[in-house]
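Thanks for coming. I will go through a few parts of one structure and then stop.

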Amino acid sequence: MLAQKYNFITVEGNTGAGKTSLARMLADQYGGKLILEEFVDNPFLPHFYNHPERYAFHTEVYFMLDRHQQLVEVIQSKQLHTGFNIADYLFNKSLLYAEVNLPLDEFKLFDRMFRAIYPVLPKPELLIYVHSTVPRLIRNIQKRGRDFEQSVRGSYLQQVEDIYFRHFNENPEMRILVIHADELDFVEQPQHYDQIVHWVTQDYAPGIHHLKLKE
């Protein structure tokens, strides 16, 4: 059972991959504490999509500090060691997105800030990465209809994808399940969600494990 294997799981994915939906579903099924990224509270995010060069630093710093506060509160509550926790973000994504979005001088400053606060934060025992191709991501983004996301470019989504996988390859000690989701609709198709549950409740060694429906 998932909640018996791990205390802290992270569900990740590119914009529009469905990571929050999957995190909610798993938390509901297993009675976990859900830790959600509060992106709607970031006042800089809508401006970033329209003027990324001007608002990227503000956007990324806000996200990093907000994620840091959430995870510190989880540590202080002792829930991390006594219960099942599932988040829809990896704290390291702060640094990954900053590398994509910031010029070098700003990124160096951001990196210093990140490394000052990162060591005290919990690391997930299992990372579930919902992987969709860029065309599928764009369709999902258009379907959910958030106005500020509609200008996102396919090239940007590909950059984000590439930097995630570079991070995974550089950290072989992590236990990562890459769920190939182009052929999945785990929100509307119960059998697809059941398949994901079957995958994530198996035992895995550290490393990257690619999972997809059999043809």
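Buried, as I use it, means under 20% relative accessible area, exposed means over 50%, and partly exposed is in between, with a 1.4 Å probe and protein chains only. Helices (H or I, at least four residues) and strands (E, at least two) are DSSP runs, numbered from the N terminus.

This is a predicted model, where local features need pLDDT of at least 70 and side-chain atom pairs count only at pLDDT 80 or more, while totals for chains, interfaces and linings use all residues. Residues are numbered from 1 along each chain as its sequence is written, and side-chain values use heavy atoms, with hydrogens and water left out.

Start with helix 2. The buried residues there are Lys19, Leu22, Ala23, Leu26, Ala27 and Tyr30. Looking down the axis of helix 2, these residues fall within an arc of 130°, so they line one face of the helix; the arc is that of the directions from the helix axis to the C-beta atoms. As background, an α-helix has 3.6 residues a turn, so residues three or four places apart point the same way. Just after helix 2 comes Gly31, with a positive phi of about 65°.

Next, strand 1, residues 8-13. Six of its six residues are buried. On one side these are Phe8, Thr10 and Glu12, and on the other Ile9, Val11 and Gly13. Strands count as paired if DSSP finds at least two bridges between them. Strand 1 pairs with strand 3 (residues 85-87) in the parallel sense over three bridges, and Ile9 stands opposite Ile86. Strand 1 also runs parallel to strand 4, joined by five bridges, with Thr10 opposite Leu127.

Strand 4, residues 126-131, holds Ile128. How buried is Ile128? Its relative accessible area is 0%. Taking contact as heavy atoms within 4.5 Å, and leaving aside neighbours within four places in sequence, Ile128 is in contact with residues including Ile9, Val11, Leu22 and Leu26. A nonpolar core is a set of buried Ala, Val, Leu, Ile, Met, Phe, Trp, Tyr and Cys residues joined through side-chain atoms within 4.5 Å. Of the 71 residues in the largest one, Leu2, Leu22, Leu26 and Ile128 touch the most other members.

Last, Thr201, in the loop between helix 10 (190-200) and strand 6 (207-211). Thr201 is buried, at 18%. Not counting residues up to four places away in sequence, Thr201 touches Leu2, Lys5 and Tyr30. That Tyr30 is one of the buried residues of helix 2.
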